[in-house]
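Q: Could you go through this model with me, one spot at a time?

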Amino acid sequence: MMLLLPGFSAQAANGEDVKIDEKWLLGRVEWLWLPALEESVKARIDSGAKTSSLSATEIEEFEREGEPWIRFNFHHERHSARLKVPLSRYVKIRQANSKKADRRPVVVLPVQVGGLVKEVEFTLKDRTRMLYPVLLGREFMSDDVLIDPSRRFVQPRFEPAEQ
């Protein structure tokens, strides 16, 4: 069934990006290309979360050329990597089911969903027991994303060109 909306295009089946007017249409789960991993991982799109979150274990702060950096392990299903990235800042996050706030490091990483490319702030948190290693919150969405929670994988999975 085709939606009769101005500017609507549903082209994901043939590998093209899906937009409504100039906004990117995302389902509740999308493939997220993380250049730091050189892989795509499943990401949950969550309009109820303000910040985005990336699965991280064995988080350690260190210094490189006088600047704070973070090293951590990213493990989820078949994905595994030890990443080192500049530390942006720390934030306090309060879970809905807890009165205590967690202090979490924040890193900025480039990501891609379909043709949408952004620099995203991620809080680092152990998500290895969760279904999705990445959660994309409202700050990721800003003013250029629409969500259809009834769908999954609306945007085509990014495949880097072979060199």
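Q: Leaving aside neighbours within four places in sequence, what is Ala81 in contact with?
A: Ala81 is in contact with Leu37, Phe72, Asn73 and Phe74 once neighbours within four places in sequence are set aside, contact being heavy atoms within 4.5 Å. This is a predicted model, in which local features need pLDDT of at least 70 and side-chain atom pairs count only at pLDDT 80 or more, while totals for chains, interfaces and linings use all residues. Residues are numbered from 1 along each chain as its sequence is written, and side-chain values use heavy atoms, with hydrogens and water left out.

Q: Which strand is Ala81 in, and why does Ala81 count as buried?
A: Ala81 sits in strand S9, residues 79–86, where strands are DSSP runs of E of at least two residues, numbered from the N terminus. Ala81 counts as buried because its relative accessible area is 19%, and buried means under 20% with a 1.4 Å probe and protein chains only (exposed is over 50%, partly exposed in between).

Q: Switching to Leu34, where is that, and is Leu34 buried or exposed?
A: Leu34 belongs to strand S4, residues 29–34, and is buried because its relative accessibility is 3%. Beyond four places in sequence, Leu34 is in contact with Glu39, Val41, Leu54, Pro110, Val111 and Val134. Val113 is 79 residues from Leu34 in sequence, and the C-alpha to C-alpha distance is 9.3 Å.

Q: And what does Leu54 touch, neighbours up to four places away not counted?
A: Leu54 touches Leu34, Phe72, Phe74, Leu109, Phe122, Thr123, Leu124, Lys125, Arg127, Pro133 and Val134. Leu54 is also among the residues with the most contacts inside the largest nonpolar core, along with Leu32, Phe72, Phe122, Val134, Leu136 and Phe140.

Q: How many residues does the largest nonpolar core have?
A: That core has 30 residues, a nonpolar core being a set of buried Ala, Val, Leu, Ile, Met, Phe, Trp, Tyr and Cys residues joined through side-chain atoms within 4.5 Å. In soluble globular proteins, nonpolar side chains tend to be buried together.

Q: What about Ser53, buried or exposed?
A: Ser53 is in strand S6, residues 52–55, and counts as buried because its relative accessibility is 7%. Apart from neighbours within four places in sequence, Ser53 is in contact with Arg104, Phe122, Thr123, Lys125, Arg127, Pro133, Val134 and Leu135.

Q: Now pockets: how much space lies in the largest one, and which residues lie nearest its centre?
A: The largest pocket holds about 440 Å³ and is lined by 21 residues, with Ala49, Thr51, Ile93, Gln95 and Arg104 nearest its centre. Strand S10 (89–94) and strand S12 (116–125) are the elements giving two or more residues to that lining, and S10 gives the most, with four. On a 1 Å grid over the protein atoms alone, a pocket is an open set of points with protein on both sides within 12 Å along at least five of seven lines, a cavity is a set where a 1.4 Å probe fits but cannot get out, and lining residues have an atom within 4 Å of a point. Grid points are joined across faces, edges and corners, and a volume is the space filled by probe spheres set on the points.

Q: Which residues line the largest cavity?
A: The lining consists of Thr51, Arg89, Val91, Val106, Glu121, Thr123 and Glu139.
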